[in-house]
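Here are my notes on this one, as numbered points. Have the coordinates open while you read.

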Protein chains: 2
Amino acid sequence: MAADHTVRDADIAPVAALIADPTRAAILTALLGGRALAAGELARLAGVSAATASAHLARLLDGGFVTVLRQGRHRYYRLSGPEAAEVLEVLARVGARPPVRSLRQSRQARMLEEARTCYDHLAGKAGVALFEALRESGCLAGEEVTAVGERLLAGIGVHVAGARGTRRRFAPECLDWTERRPHLGGALGAAVTAVLLERGWFRPGAGPRALTLTDEGRRELAALFPGQVTAPWSKELTWHSPVT
Amino acid sequence: MAADHTVRDADIAPVAALIADPTRAAILTALLGGRALAAGELARLAGVSAATASAHLARLLDGGFVTVLRQGRHRYYRLSGPEAAEVLEVLARVGARPPVRSLRQSRQARMLEEARTCYDHLAGKAGVALFEALRESGCLAGEEVTAVGERLLAGIGVHVAGARGTRRRFAPECLDWTERRPHLGGALGAAVTAVLLERGWFRPGAGPRALTLTDEGRRELAALFPGQVTAPWSKELTWHSPVT
DNA sequence: CTATTGCTTCGTCCGGGAACGAAGGATGAG
DNA sequence: CTCATCCTTCGTTCCCGGACGAAGCAATAG
């Protein structure tokens, strides 16, 4: 939700380590059914001795992943709550390799990732790259446009003053859901995007919100923001996808 | 979403193992910012030698967590996509210990977990326990009520035939979002819940959908379903919360 | 009471993997 | 061409932690 909840503060390694062991993972997935299971039963399911299972359960308990309830000489373990289950499910989702989407689907998804509109402003890789380019070239400072920025934007035909006059927020960051980085929103974002379309640097693509970067746009943007290496308009680079 | 997406098939341990190492976790959190970073930079940030970082990056690449783009003699690494970022954030959320909710809040949440309504039928721990009790005592078979069940339900005043007559689905499972296990929904679920309230075994609690199990309800339900150990109406048990 | 069962604790062994330095491509600068 | 930089691969060391059996505690049965 909020973009300012950085993860930096929390130690994720210890949490992951709890799940990283195959035996503990087996125990946790067994518990994912929701029922409380006895320690012995879990040992059997995971295929280890009672002593080993006990040690693992102690660690899971300490880590807050499970709770235990004693009933006579049995000890029933269960997942501590929805959060624990959620972690396991997310991990499983990543672990399960994407089941080869259809070419059409993947092509469309791919294009939406590249560039699309978010309401009326540019989003996707292109939107994020544009925002970062503006930041790094000193055009934007906080939620304001610098003198440098004003010149640059005026140069391509953006009426900065006009955008500032509206009741709408001027240049807020808008978090991009695919990139997890901000792009330019608000009145200024809309004004810039309008220009990009007018000049034919982007044009509507296949599908509702898709946009395509044109060759002209690629050329012009690369000239406008030299030194960007990861932007869609940079010269083609060698991409190494993970081995599957 | 769907309850039938079991996690059993996917191996979560290898995925978790990738994040479980402190150095790799440092690398991943550094990349969580979204920017692509050079291998050397990541080594510096993680506080390890270039050789070590390279090995880690190779594993992350193989696991599909990052992608690499070669630019001259540099190699820029970045998170492979939104899924990778999501895993890290969920882990971080769990890793960060719950920031001591106010007593009032936690009490309310606690009560909603215990028993609440889901539309017009019983949910929460009590709802799940009731459903399992009906299952295990042979009252329900699939989406039907057995002869045993019909007698038991008639005994407490539930008009099973009446519930069957409606257009509504008769006795579907309804997945409980806090318990991640099904409770009884549909026409039968509503009929049973109505009886539970009429007889005063539950009564509306504090807050919109909260229900409270009364002493009478506890007594009667324990008598109705002997042998249940984890139900809210079972005799008090020793709970061991995880050490904090 | 003693016997049995269920689980934990203790002591021990052993393998996987994380770390580093040195050497080996690859790329760009002069 | 030659050197410097950036990164990877190789070879080595070393330590963490997961496995088991045996013994130690609870709790129920008879």
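1. Starting with the overall build: chain A has 11 helices and 12 strands, where helices (H or I, at least four residues) and strands (E, at least two) are DSSP runs numbered from the N terminus. Keep in mind that this is a predicted model, where local features need pLDDT of at least 70, side-chain atom pairs count only at pLDDT 80 or more, and totals for chains, interfaces and linings use all residues. Residues are numbered from 1 along each chain as its sequence is written, chains are lettered from A and ligands numbered from 1 in the order in which they are written, and side-chain values use heavy atoms, with hydrogens and water left out.

2. Of the 244 residues in chain A, 45% are buried (under 20% relative accessible area, with a 1.4 Å probe and protein chains only). Chain A exposes about 12,900 Å², and 54% of that comes from carbon and sulfur atoms (Shrake-Rupley method, 1.4 Å probe). As for contacts (heavy atoms within 4.5 Å), take those in chain A with a separation of 6 or more: residues 24 or more positions apart account for 50% of them.

3. Sugar and phosphate make up 71% of the DNA strand D atoms that come within 4 Å of the protein.

4. Which atoms of His56(A) and Arg59(A) lie by a phosphate oxygen of DNA strand D? In His56(A) it is a polar side-chain atom, at 2.3 Å, and in Arg59(A) also a polar side-chain atom, at 2.5 Å. Gly40(B) uses a polar backbone atom instead, 3.0 Å from a phosphate oxygen of DNA strand D. The cut-off for a polar contact here is a pair of N or O atoms within 3.5 Å.

5. Several elements give two or more residues to this surface, including helix H2 (22–31) of chain A and helix H3 (39–46) of chain B. H4(A) gives the most, with four residues.

6. On the chain B side, S2(B) (residues 66–71) and S3(B) pair in the antiparallel sense over six bridges; pairing takes at least two DSSP bridges. Val66(B) stands opposite Leu79(B). The two strands form a hairpin with two residues between them, and Gly72(B) in the turn has a positive phi of about 65 degrees.

7. S3(B) also runs antiparallel to S1(B) (residues 37–38), joined by two bridges.

Note on methods: Near = heavy atom within 4 Å. Polar contact = N/O pair within 3.5 Å; in protein donor to acceptor, adjacent residues only side chain to side chain. Buried < 20%, exposed > 50% of the residue type's maximum accessible area, 1.4 Å probe, protein only.
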